[in-house]
Amino acid sequence: MRRKERRKMLILFVALILAMIAFGIGLKIFENHMPEPVISEDGFLMDEQSEELAALGSLKLNGNIYSYYHDFETYLIMGTDKTGADSKVYQGSMSDFLMLVIVDKTDNNYSFLPINRDTMSEVRLIQDDGTGAATAELQLCTAHWYGGNAGQSCANTVESISKLFGGLKIDGYYAIPMDEIPKLNHSVGGVTVTLLEDFQDIDRQMKKGETLALSDEQAYHYIHDRYGVGDEKNTSRMKRQQQYMEAFFTKAKEKAKSDKAYVSQLFRKFEQTATTNLTAKKISGLTNRLIKGTQKGFFEIQGTSKIGKALGDGIDHAEFYPDKKSIIDVMTKIYGLKKRE
């Protein structure tokens, strides 16, 4: 190799070495100016941008934004009652029983959140023809009273609950009349409970403290009746409803495990009287998730009850004002909310 060519090769080699050194210094400077990595509670490496992208939903509660990072599906179950439908004021069914079923698809668990029917919330005053944008603060149960048909009434209730919980996404609803409770009880062969209240004026067997396998008719009175029972408060009835539903779900899950056709048969049994935007396939899939998942339990929103006249019919009615902090606490326990700064 000629001397001139060797000199060119040496110059190129030295230039390459210098370039590598310069790149290393630049990389070190860049690293020194990089922000410290953020590790989430779940052990994931996150920065401010990736944390925002990881959020799968957000709620606005008490003026603050809270995000959640798991894949949730939330469904509303309603029990509707025609009580008061013949008066000059009430136009349709009230939603006497309200409960959210929350499925955490990420952690494979589920939770139940009963909601007091007397909860004061923003209700849209839909007319019989389905129109109307005006709202008023009324008992949540009245949201189902407004609307041109049963579907609109259910959607109106979903809207009020979504607003109550800061824009919560509700993926579907299922409503049945309360007078279908005997058929529901019959579908699992009856439910056994220890009676929290005395119903002996209706049935001599239904004595407070007795453990009883409820007949279909007894189940109706135990879940539905309020006036003439105990302190007549809806909060007391909610305790009975929760007790019954826990026992009912346990039996229904066992039946669904042993009989794959059970859920679809149950869906068809109530097809003519139920109002839902869910298909039999969707309900079957949801049931499978409940069977395989872990139950986190029933949660309760704390608040204050009083008697008021918000309904505007000249009659005193119970009004329940949920505690804002309790809503945040409960939603955080269920959805794993994280406050956005």
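Mentor: Leaving aside residues up to four places away in sequence, H221 touches F199 and I202; contact here means heavy atoms within 4.5 Å. The model is predicted, so local features need pLDDT of at least 70 and side-chain atom pairs count only at pLDDT 80 or more, while totals for chains, interfaces and linings use all residues. Residues are numbered from 1 along each chain as its sequence is written, and side-chain values use heavy atoms, with hydrogens and water left out.

H221 lies in helix α5 (residues 216–224). Helices (H or I, at least four residues) and strands (E, at least two) are DSSP runs, numbered from the N terminus. H221 counts as buried because its relative accessibility is 16%; the classes are buried under 20% relative accessible area, exposed over 50% and partly exposed in between, with a 1.4 Å probe and protein chains only.

Helix α7 (residues 262–269) also has buried residues: Y262, V263, L266 and F267. Viewed down the axis of α7, they fall within an arc of 135°, so they line one face of the helix. That arc is taken from the directions from the helix axis to the C-beta atoms. Their cover includes β10 (172–177), α4 (181–187), α6 (234–258), β13 (275–276) and α8 (280–292).

Two of those covering strands, β13 and β10, belong to an open sheet of 6 strands with mixed pairing, in the order β13-β10-β5-β6-β7-β14. Two strands pair if DSSP finds at least two bridges between them. β13 and β14 (294–298) are the edge strands, each pairing on one side only. Within the sheet, β5 (residues 72–81) and β6 (residues 94–104) are antiparallel, with 10 bridges; D81 has M94 in β6 as its bridge partner. Helix α6 packs on this sheet, where it touches β5, β6, β7 (109–114) and β14, and its direction makes about 50° with that of β6. Axes are lines fitted to C-alpha atoms, for helices over the stretch in contact, and angles run from 0 to 180 degrees between N-to-C directions.

An open sheet of 3 strands has antiparallel pairing and the order β3-β4-β17. β3 (57–61) and β17 (338–339) are at its edges with a single partner strand each, so one side of each has no neighbour in the sheet. β3 and β4 (residues 64–68) run antiparallel and are joined by 5 bridges, and G57 has Y68 in β4 as its bridge partner. Helix α9 (residues 324–335) packs on this sheet, touching β3 and β4, and its direction makes about 165° with that of β3.
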